[in-house]
Amino acid sequence: VGSLGIGVVLRGGAKPHRLYSIIAIFGFAAGVLCFWPGLGMTGHTAAMAAWFFLTGAGLAVIMATLPVVAEPERRGAAAALINQAGAVATFLNPPIWLGLAEGGEWTGFALLLAIGWTLSVGAMWMMAARLARQPGAKA
């Protein structure tokens, strides 16, 4: 659902880097709420649903920028790089997350989420700045 909504918003002329920044703010909040100890089962379920919606929307923005960022002959390689990064994350995340969960503290999760969202937002803004310097490119 988040991915479809992003398609509509981007078609309306939204800037991908700005849209991704908004998604990151709400995605961070939803992610923190997933681990917030004082939240009941209903709250955790709602936070997880929001997390899935927002991460799907964020991935849709990233994938929508591929045609703008990658040259036509390299778009397949760019998509493969994103898929490989997802595969590496799938392999590395369980030991990191389980190690944090074993400690029983939720703040480590919040820190990890903050780092991830911040790095990805920074990359989107750097991409937009690079594209803005290119003649005839849409950022």
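1. Let me start on the surface: V88, F91, L92 and I96 make up a nonpolar patch whose accessible area is about 400 Å² together. A patch here takes residues with over 30% relative accessible area and no salt bridge, joining like charges within 9 Å and nonpolar side chains (Val, Leu, Ile, Met, Phe, Trp, Tyr) within 5 Å. A salt bridge would be a side-chain nitrogen of Lys or Arg within 4 Å of a carboxyl oxygen of Asp or Glu. Areas are Shrake-Rupley values with a 1.4 Å probe, and for residues only the protein chains shown count as cover.

2. A word on the ground rules. The model is predicted, so local features need pLDDT of at least 70 and side-chain atom pairs count only at pLDDT 80 or more, while totals for chains, interfaces and linings use all residues. Residues are numbered from 1 along each chain as its sequence is written, and side-chain values use heavy atoms, with hydrogens and water left out.

3. I96 counts as partly exposed because its relative accessible area is 40%; the classes are buried under 20%, exposed over 50% and partly exposed in between (1.4 Å probe, protein chains only).

4. On the overall fold: the chain has six helices and zero strands, giving α-α-α-α-α-α along the sequence. Helices (H or I, at least four residues) and strands (E, at least two) are DSSP runs numbered from the N terminus. The C-alpha atoms fill a box of roughly 50 × 30 × 25 Å along the principal axes.

5. Some totals for the chain. Of its 139 residues, 27% are buried. Accessible surface comes to about 8900 Å², with 72% of that belonging to carbon and sulfur atoms. Among contacts (heavy atoms within 4.5 Å) with a separation of 6 or more, 63% are between residues 24 or more positions apart.

6. Now the largest pocket, which holds about 1300 Å³ of space. The elements giving two or more residues to its lining are α3, α4, α5 and α6 (107-133), and α6 gives the most, with eleven residues. The lining counts 31 residues, and Y20, L59, I62, A89 and S120 lie nearest the centre. For the record, the search runs on a 1 Å grid over the protein atoms alone: a pocket is an open set of points where a 1.4 Å probe fits, with protein on both sides within 12 Å along at least five of seven lines, and lining residues have an atom within 4 Å of a point. Points are joined across faces, edges and corners, and the volume is the space filled by probe spheres set on them.

7. T65 deserves a look. T65 is in the loop between α3 (41-64) and α4 (66-69), and it counts as buried because its relative accessibility is 8%. Beyond neighbours within four places in sequence, T65 contacts P16, M124 and M127.

8. L19 belongs to helix α2 (residues 16-35) and is buried, as its relative accessible area is 13%. Leaving out residues up to four places away in sequence, L19 touches I6, V9, L10 and V61.

9. M63, in helix α3, is partly exposed at 33% relative accessible area; M63 and S3 are 60 residues apart in sequence and 10.0 Å apart C-alpha to C-alpha. A114, in helix α6, is partly exposed at 25%; A114 and S3 are 111 residues apart in sequence and 22 Å apart in space, again C-alpha to C-alpha.
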